[in-house]
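Here's a quick briefing on how this chain is put together. Have a look at the model first, then read on.

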Amino acid sequence: MISISREQFERLVRKALSQLPDDVRNHLDNIDVVVDGWASKSQLVGTGIENEMELLGLYEGIPLTDRYGYDLVLPDKITLFQKPIEAICETQEQITEEIETTIVHEIAHHFGIDDDRLHNLGL
């Protein structure tokens, strides 16, 4: 396990987001990406995960594929959970890779791709 400051973690998140292809970034205009220590009990509801240290990221919102008349709404939210990510990593390079993987995973949910499909795609 490795621990880095929240500032360093957020910097890695911003870098990962900036490296996304333009076609993806252009569809993230009403999404907040935030960092939290770990998931709250209310965030765990519906995930099938009971231990907050097992959830690395969470997409909260309406996937693009399910939207109709979706105007003037609060942003969707992607949360990366720093402590669980740190707990499975031993180096800063691993943290960087896990942040990138988690961001792609949660953005895929925004695009309407479910966990089964992500698993089939190898993500």
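**Core, sheet and one buried glutamate**

The largest nonpolar core has 21 residues, and the ones with the most contacts inside it are F9, V13, L80, I85, I95, I99 and I103. A nonpolar core here is a set of buried Ala, Val, Leu, Ile, Met, Phe, Trp, Tyr and Cys residues joined through side-chain atoms within 4.5 Å. Buried means under 20% relative accessible area, with exposed over 50% and partly exposed in between (1.4 Å probe, protein chains only).

This is a predicted model, where local features need pLDDT of at least 70 and side-chain atom pairs count only at pLDDT 80 or more, while totals for chains, interfaces and linings use all residues. Residues are numbered from 1 along each chain as its sequence is written, and side-chain values use heavy atoms, with hydrogens and water left out.

- As background, nonpolar side chains in soluble globular proteins tend to be buried together.

**The sheet**

- Three strands make an open sheet in the order β1-β3-β2, with mixed pairing; two strands pair if DSSP finds at least two bridges between them.
- β1 and β2 sit at the edges with a single partner strand each, so one side of each has no neighbour in the sheet.
- From one strand to the next, the twist averages 15°.
- β1 and β3 run parallel, joined by six bridges, and D32 has K77 as its bridge partner in β3.
- β2 (residues 57-60) pairs with β3 in the antiparallel sense over four bridges; here Y59 stands opposite I78, and E60 stands opposite K77.
- β3 is mostly covered, with five of its six residues buried.
- Helix α1 lies across β1 and β3 and runs at about 150° to β1 (axes are lines fitted to C-alpha atoms, for helices over the stretch in contact, and angles run from 0 to 180 degrees between N-to-C directions).

**V35, a strand residue**

- V35 belongs to strand β1 and is buried, at a relative accessible area of 15%.
- Its contacts, not counting residues up to four places away in sequence, are R6, F9, E10, V13, L80 and Q82.
- V35 and I85 are 50 residues apart along the chain, and their C-alpha atoms are separated by 11 Å.

**E86, a buried glutamate**

- Which helix holds E86? E86 lies in α4, residues 82-87.
- E86 counts as buried because its relative accessibility is 0%.
- The E86 side chain makes a polar contact of 2.8 Å with the side chain of Q82 (a polar contact is a pair of N or O atoms within 3.5 Å; within protein, one must be able to donate a hydrogen and the other to accept it, and residues adjacent in sequence count only if both atoms are side-chain atoms).
- Not counting residues up to four places away in sequence, E86 touches M1, I2, S3, I4 and I95.

Methods: Helices (H or I, at least four residues) and strands (E, at least two) are DSSP runs, numbered from the N terminus. Contact means heavy atoms within 4.5 Å.
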